[in-house]
Amino acid sequence: MHINLNGRNALVLGGNKGIGFGIARGLSEAGAHVILTSRSLSDAEAAAAKIGATGLACDTGSPDSVGALCAAMDKVQGGIDILVLNSGGPPPGSAMGISSDQWRASFESMFVGLVRMADHVLPGMRAKNHGRILSVISSGVIEPIPNLAISNAIRPALTGWMKTLANEVAKEGVTVNAIAPGRIETDRLLQIDTANATKQSKSMDEIRAAAMARIPAGRYGTVDEFAAAAVFLASDQASFMTGSIVRVDGGQIASTM
Ligand SMILES: NC(=O)c1ccc[n+]([C@@H]2O[C@H](COP(=O)([O-])OP(=O)(O)OC[C@H]3O[C@@H](n4cnc5c(N)ncnc54)[C@H](OP(=O)(O)O)[C@@H]3O)[C@@H](O)[C@H]2O)c1
């Protein structure tokens, strides 16, 4: 099977590093014209330059910034064919005592800003009878992760929206899926492991070894392994897959459902 994304325009939010950059690189290698974003324009441009993409600024937690990106997307010839909804993870922490301001800020950047972006490009996708929307979520949607209360609470909202939308646009050639990372080696994972080491008064080696022991594959995943699933879901070949959560977790999630 050969995946060919020539002629497709892809927008990858949070695409300058980690999982987002891996997806942006994979889409670009498959032939798509990629636009990737970071909150910092210079970081976006630097990452984009590595893969022949276009870099733009966007903070999904800022309505003005999302509005500016929506306006920029209106100028993309042919419109957006592939939209990857990705953003930064929220601060780690337990469920008790999170401030209302923190809940609102996280909901804005992890839900409202992403859904608004999708709403903006959806009319173009529906008119073309083709589109791909992918959300980067977390294994915590299926099996909540200790000390990640905000993620465990907000990502299921995005997943519920994803499934509802998938059913609404399935007859119009637009697929909508989510990909759940288990533990993928990135800066974010380093942040999570560091927080756990501090909370449990353990060394990073101990924390990593304990985490890997819970993964049947016995290791963390790579960004490229994650991106491969995203590129497939973005392809024409994935036309009958919609409304799904695809796991890239080395078997970590304990249940099959
Ligand atoms: N890695 C894992 O194992 C894992 C597991 C479960 C879930 N996840 C989730 O998957 C997503 C990607 O993870 P990652 O490991 O690739 O994280 P990462 O390496 O920290 O990268 C996060 C990306 O999001 C961007 N970003 C951060 N805050 C943003 C905001 N408010 N608006 C727009 N972009 C923003 C960052 O760019 P700038 O900082 O330059 O803006 C960066 O491109 C995160 O939501 C993470 O929580 C990751």
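Asparagine 129 sits in the loop that links α4 to β5. Keep in mind as you look around that this is a predicted model. The phi angle of asparagine 129 is near 60°, which is a positive value in a residue other than glycine. Is asparagine 129 buried or exposed, or something in between? Its relative accessibility is 47%, so asparagine 129 counts as partly exposed.

You will find asparagine 147 in the loop between β5 and α5. With a relative accessible area of 15%, asparagine 147 is buried, because the cut-off for buried is under 20%.

## Along the loop between β5 and α5

Let us stay in this loop and meet some other residues. Isoleucine 137 belongs to the loop between β5 and α5. Its relative accessibility is 3%, so isoleucine 137 counts as buried. Which residues does isoleucine 137 contact, once neighbours within four places in sequence are left aside? They are Arg155, Leu158, Thr159, Ala178, Ile179, Ala180, Pro181 and Ile245. Isoleucine 137 also shows how folding relates places along the chain: serine 87 is 50 residues away in sequence, yet the two C-alpha atoms are 9.4 Å apart in space.

Serine 138 lies in the loop between β5 and α5 as well. At 10% relative accessibility, serine 138 counts as buried. Its side chain reaches the backbone nitrogen of glycine 140 at 3.0 Å. Leaving aside neighbours within four places in sequence, serine 138 is in contact with Ile145, Ser151, Arg155, Ala180 and Pro181.

Isoleucine 142 is found in the loop between β5 and α5 too. Here the relative accessibility is 25%, so isoleucine 142 counts as partly exposed. Not counting residues up to four places away in sequence, isoleucine 142 touches Ile245, Arg247, Ile253, Ser255 and Met257. Isoleucine 142 and leucine 165 are 23 residues apart in sequence, and their C-alpha atoms are 19 Å apart in space.

In soluble globular proteins, nonpolar side chains tend to be buried together. The largest nonpolar core in this model has 37 residues, and those touching the most other members are Leu11, Ile80, Leu83, Leu85, Met117, Ile133 and Trp161. Which elements give two or more residues to this core? They are α3 (63-73), β4, α4 (100-128), α5 and β6.

Not counting residues up to four places away in sequence, methionine 117 touches Leu11, Leu13, Val66, Leu69, Cys70, Met73, Leu83 and Leu85. Apart from this core lies another core, made of 34 residues, with Ile3, Ala44, Ile179 and Ala229 among them.

## A helix you can check yourself: α8

Which residues of α8 are buried? Val223, Phe226, Ala227, Ala229, Ala230, Val231, Leu233 and Ala234 are. The buried residues of α8 pack against α1 (18-29), β4 (82-85), β5 (131-136), β6 (174-181) and β7 (245-248).

## Around the ligand

How many residues surround the ligand? There are 27, and the closest are Asn16, Ser38, Arg155, Ile184 and Thr186. A polar side-chain atom of serine 38 lies 2.6 Å from a ligand oxygen atom. A polar backbone atom of isoleucine 184 is 2.7 Å from an oxygen atom of the ligand. For threonine 60, a polar backbone atom is 2.8 Å from a nitrogen atom of the ligand.

Taken alone, the ligand exposes 880 Å², and the protein buries 90% of that.

Key. Residues numbered from 1 in each chain as written. Predicted model: local features only at pLDDT ≥ 70, side-chain atom pairs only at ≥ 80, totals over all residues. Heavy atoms only, no water. Buried < 20%, exposed > 50% of the residue type's maximum accessible area, 1.4 Å probe, protein only. Helix = DSSP H or I, 4+ residues; strand = E, 2+ residues; numbered from the N terminus. Contact = heavy atoms within 4.5 Å. Core = buried A, V, L, I, M, F, W, Y, C linked by side-chain atoms within 4.5 Å. Near = heavy atom within 4 Å. Polar contact = N/O pair within 3.5 Å; in protein donor to acceptor, adjacent residues only side chain to side chain. Areas by Shrake-Rupley, 256 points an atom, 1.4 Å probe, with all protein chains shown as cover.
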